[in-house]
Amino acid sequence: MLKRLNSTKFISIAILSAVLFGCGTPTAPVKTEKTQVSLSAVTMASSQYLALAANEKNRETRDKYVLLAAHALLNEGNANAADKTLTSIAQEITQKPELLAEHKYLSARVLEVISTYDHALKTLDYPSTWTLPNWQWVSYYQFKARLYQHINQPIEQVRQLSLLSQYLPTTQAFEVNDEIWRSLQPISEKTLLSFRDDRSNPTFQGWVQLAYIAKHYAINPNDLVRQLGSWQQLNPNHPAAAKLPTDLEKALNTKPYQPKNIAVLLPLTGPRAVVANTVKQGIIANYMATGDDSVAVNFFDTALGAQLAYQQAVTAGAEFIIGPLLQSEVEQLQNMDSAPTTTEQRGSSTTATRAITPTTTTPVAKKSIPQLYLNHIDDFTPQDDKFFFALSPTDEAIDAAQRLYNDGIEQPLLLVSNDAVGHRMAESFSEAWQQLTQKPAEIHYYDGGDKMKVTVQKALGVIDSKERIARIKAILTPKIEADFRSRRDIDAIYMISASRDLLLLKPFIDVNFSVFAQPVPLYTTSRSRIESNTRETATELNHLTISDIPWLITPNTETRMVNELWPNWSNSRKRLYIMGYDALDLVGKLAQMRALPGYQFSGRSGTLSVQGDGTINRQLSWGRYQRGNLRPL
């Protein structure tokens with residue numbers, strides 16, 4: 001809505017007329033004075049308004065023409081001229097709230113373009129004592145909401161939108177309500193809880209409480225219905241009381257998956273069995289921790305074909321399927337013919353509760369069973385009961401772009417390993433960064449060995465600086481002493497590298513920042529994480545910020561137990577173990593998570609949510625090396 005209403009005054013003339021004059025306005029024409037000038041809409045070019053202002057003797061009318069001229073200049077893309085125009089009347093503008101408010105509003109619009117959003121927000125501050133027409137309050141609250149959106153403060157954005165809705169006709173208010181609900185979806189339960197008792201604005205408080213209820217009780221429809229009923233009784237006049245958000249209504253009517261027979265498809269034999277066994281151990285660990293004897297978990301081997309394993313699971317009465325694990329196996333099932341097939345049950349399976357060995361030849365028709373794939377493919381047709389859960393490096397890069405943006409980074413530089421994974425991650429980061437900032441990310445790919453150092457020096461502008469120094473020394477006598485300078489226009493470096501590269505890459509960056517420049521924050525990925533847990537290694541990584549699954553960022557009794565049971569497991573295998581653990585936890589939550597996009601599950605592998613196409617979105621945790629220790633942020 002914010003973009004659609006970003007027109008002359010963010011509100012159409014038709015709606016404006018309804019707001020100002022009401023539905024009962026007589027149809028007879030109203031006589032007005034020729035000098036009556038409305039600030040609500042710009043209908044002429046800036047030059048025309050300036051000409052009118054130059055010839056106008058009435059001070060108030062002249063000020064209105066100047067304000068309209070400044071507004072027109074903004075519409076024409078000339079913020080500097082608009083600034084000068086507003087400055088010309090700043091000291092002697094007519095002291096009426098409508099004119100003063102418009103001057104503040106337009107000044108903030110100028111600052112939105114030529115300065116910072118924070119500066120614009122400080123300027124856009126109307127005294128509560130002002131009496132203004134509805135259209136000015138509409139512009140005011142809508143603009144403030146947009147500024148808070150720019151600086152990534154969704155709570156404050158929602159606060160302004162909740163104030164805006166009271167000044168709009170019903171149809172437009174519904175649109176604002178939808179915008180409020182969408183803005184609340186990414187906010188965590190913890191943050192919502194901290195604002196739940198904010199009594200400064202009852203409408204805002206009601207929205208926050210509703211969002212919290214939706215997230216906290218989404219997994220249990222009965223509790224959700226009860227809590228929503230209580231909320232409606234306490235907020236009978238709230239905009240959402242009469243009409244709940246669409247996805248919340250959908251979640252209320254969505255039945256959660258409650259399977260008693262879960263099949264897991266994994267390559268239990270063959271070259272991928274070692275990896276698959278790690279996932280299997282995670283699923284079994286969750287199953288044992290839950291202790292629900294009424295649920296059976298059966299494992300089927302995909303080594304002889306994913307389709308065969310799938311048919312075995314169907315024959316065994318599976319009500320939900322987890323897997324397969326390999327991308328090629330996911331593609332096999334996606335392409336599986338829907339016609340009835342006859343398969344010879346040759347494979348074997350194991351179960352966490354009993355053993356199953358189907359050996360008969362049985363006609364099995366492919367039927368739709370809810371399924372959580374443990375991988376993702378690029379080309380698929382979304383289906384209501386199909387979900388994709390992957391520890392994707394590209395998703396991690398997208399999450400990193402959001403993190404840097406949230407940290408206020410404006411000009412990051414990427415140093416990326418020149419391999420297939422590095423290229424995919426860098427491209428994903430750049431696409432996400434483009435969407436967030438409308439600017440591409442600067443990427444430099446490095447090769448191993450001495451070439452890495454050269455790439456770092458080129459990226460930081462050190463080589464250019466040294467060449468300039470050499471040219472100056474060649475023409476000046478006596479010889480001068482000079483030190484290189486590194487770039488000052490970047491404010492962060494994101495390293496996408498293998499762990500073996502990181503202990504070289506970071507020192508190269510450190511020594512190539514000149515003494516004249518302040519070192520910038522360094523970020524990297526879980527792919528770069530050093531396996532060694534020694535204090536000496538961690539000390540070398542001081543001030544480095546790294547993303548990883550929460551389970552590995554914050555050590556706990558579970559991590560210590562896994563380290564004791566499988567001391568030779570790498571961090572990569574531990575992530576797969578946790579992927580299996582979370583997969584079993586997700587089974588009973590997926591239906592509600594898909595119906596309610598804002599619902600997030602705090603898993604061991606990250607904060608998980610479901611996109612509309614069934615893809616599991618994973619938000620990682622972050623830690624920073626400080627004084628030889630990795631500390632969670």
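Guide: A search of the whole structure finds 14 salt bridges. This is a predicted model, where local features need pLDDT of at least 70, side-chain atom pairs count only at pLDDT 80 or more, and totals for chains, interfaces and linings use all residues. Residues are numbered from 1 along each chain as its sequence is written, and side-chain values use heavy atoms, leaving out hydrogens and water.

Visitor: What makes glutamate 92 and arginine 62 a salt bridge?

Guide: The term asks for a side-chain nitrogen of Lys or Arg within 4 Å of a carboxyl oxygen of Asp or Glu. Here the N to O distance is 3.9 Å, so the pair qualifies.

Visitor: Why is glutamate 92 called partly exposed?

Guide: Buried means under 20% relative accessible area and exposed over 50%, with partly exposed in between (1.4 Å probe, protein chains only). Glutamate 92 has 40%, so it falls in between. Arginine 62, at 23%, is partly exposed too.

Visitor: What about arginine 604 and glutamate 558?

Guide: Their side chains meet at 2.8 Å, N to O. The pair links distant parts of the chain, 46 residues apart: arginine 604 is in the loop between β14 and β15, and glutamate 558 is in helix α25 (residues 557–565). Helices (H or I, at least four residues) and strands (E, at least two) are DSSP runs, numbered from the N terminus.

Visitor: How do you know that β14 and β15 pair?

Guide: Pairing requires that DSSP finds at least two bridges between two strands. β14 and β15 have three, in the antiparallel sense, so they pair.
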